[in-house]
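The sequence and structure come before the details.

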Amino acid sequence: MGNSYRKSEPMSSKHKLYWVIGVIAVVIAAALIVWNSGIWFKYSTAATVGDNEYSVSELSYYYHSVANQTIQNAQLYAQYGMDSGYDPSRSPSEQMYNQEEGKTYADYFLETALSNLQRTTILCKEAEAASYTLSEEGQKTVQDNLNALKIASIQAGSEDAYLKMAYGRFMTKSLFKDILTQSVLADEYAKVKAESFTYSDEELQTYYNEHAADLDSYEYRLCPISAQTEQKTDDSGNPVEPTEEETKAAMEEASQKANQMIAQVKGGTAFNTAAASFVDETTAESYKNDPDYQHSKDVLGKNLDSTIKSWMTEAGRRAGDITSIEGSNGYYVVQFLGRDKGENSYQTMDYRNILIMAETTENADGNAVASEEQLAAAKEKAEALLEEWKAGDATADSFAALAKENSADEASKANGGLYEKANRDTLPANSSQWLFETGRKAGDTTVVEYTDTNGNVVGYQILLAGDMGEIRWKYQAASSLRSDDYNAWYEEVEPNYPASLTDAAKKIPTM
């Protein structure tokens, strides 16, 4: 019987080829799955700043931060019936930011994102070179933002889902925390670097002498008188722009009204009384009912509107001077009431507060609002607490104890209602006006209205003035010098960190 065993034949080259092709096909299929998921792309370099490379994920945070702010501004404008120039319902790549330069909003978002990334990189690298690390306060700021994220993400279902919705599909909590920490460090070091520039009294006085018009504060009254043209429409009902002749005639009429008002004021009529005769009914009611309507106090020269600044800051201007100034759509009647260097006023102050919020009830629209009775009850409680303090030791410590027990101000409650080196320019108007009033002394107290962002009274604030900080004009002079020196320093180091975008960055607007 013959042997039935046959030796196996070696795999043919054709079989080998098919097997290799099959393996390659599997690898390609897996690669496509990974590519389509964005895993490779998210780690692609989107920008470089100096020696640092930043991924698509990292640049996306800065891109969406700018885009989100632009969308918020557009929505805010829309609430008041105005057009910001950006349509959130359309792609930023389809909208022109600068027609002459051919720049779309997508281009603008990317350029601004790169600029913000460059700033963060520069400041963090310079902080590292100076052996500066994030302070405990900075670390708390990071944690506070992470806590806020947890609350904000409830509706989204998870923190990662919220972050992806806000900053792009590649954002994660760990990356968000890293970028947030870098941003806080950058801001903190910028402040530290700026404050490292100091100046002598002689240097401050020299600067003031050269910039007195900007550093002095002004008080004045204002009445805008609009140039009214007839509202016309075409056959389709669309508004028609007034002709050049119609606009000129309207401006001349506004000028005549302004001169008539000036004549009345010079003749002894109170400014607000005269103003009420030359404005629309709604504005007239404001002039009649509010003696401080369009009455500006304590306005720094550098913050004056450019239309009136030249006249207001003219040498030899005296209290009571009045004039009319042409604007873009009418005339402004302006009355100069005073100019002050601020030698006896302060820019910063330590103070304590106890915030008493009024109770609220839901109105027909479903909004929580405080009634007159509820506001009266809150005011009565605030005044009673102040009297209780006055009847006791009337010390900062006893005020702090009351604040810990009664204040609704969560930012200062645990610290006895204390705010240190509070800047008059950042405080609510009611608080700032009282705290920095000429003649204010440490230990003075009062109760002022507390308003929300829309100007509605929602409670009352008990204030206790503390130690005064820097004299205002010196503070302003030092701030201006410091800003100039900081900017000069930044411009000097910026060339060491050239920034550029890659082709991968250009895909971010379409993701």
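## A bridge in the sheet

Ile356 stands opposite Tyr460 in β16. This bridge belongs to the antiparallel pairing of β11 with β16 (residues 457-468), which are joined by eight bridges. Strands count as paired if DSSP finds at least two bridges between them. Helices (H or I, at least four residues) and strands (E, at least two) are DSSP runs, numbered from the N terminus.

The model is predicted: local features need pLDDT of at least 70, side-chain atom pairs count only at pLDDT 80 or more, and totals for chains, interfaces and linings use all residues. Residues are numbered from 1 along each chain as its sequence is written, and side-chain values use heavy atoms, with hydrogens and water left out.

## The four-stranded sheet

The open sheet has four strands in the order β14-β11-β16-β15, with antiparallel pairing. Its edge strands, β14 and β15 (445-451), each pair on one side only. On average, neighbouring strands are turned by 40 degrees against each other, direction ignored.

On one side, β11 pairs with β14 (residues 418-423) over four bridges, and Thr348 has Asn423 of β14 as its bridge partner. Seven bridges connect β15 and β16, where Thr446 is partnered by Leu463 of β16. Strand β11 (residues 348-357) is mostly covered, with eight of its 10 residues buried (under 20% relative accessible area; exposed is over 50%, partly exposed in between, with a 1.4 Å probe and protein chains only).

Helix α13 (residues 372-391) lies across β11, β15 and β16, and runs at about 25 degrees to β16.

## The α3-α4 contact

Helices α3 (residues 56-79) and α4 (residues 105-129) have axes that come within 8 Å and cross at roughly 120 degrees. Axes are lines fitted to C-alpha atoms, for helices over the stretch in contact, and angles run from 0 to 180 degrees between N-to-C directions. The two helices are therefore oblique to each other (angles under 35 degrees are roughly parallel, over 145 roughly antiparallel, 65 to 115 roughly perpendicular, and the rest oblique).

Residues making the contact (heavy atoms within 4.5 Å) include Leu59, Tyr62 and Val66 of α3 and Phe109, Leu110 and Leu117 of α4. The residues of this contact divide into 13 nonpolar, four polar and no charged. Ala, Val, Leu, Ile, Met, Phe, Trp, Tyr, Cys and Pro count as nonpolar, Asp, Glu, Lys and Arg as charged, and the others, Gly among them, as polar.

## A loop residue

Asn303 lies in the loop between β8 (295-300) and α12 (306-312). Asn303 counts as exposed because its relative accessibility is 54%.
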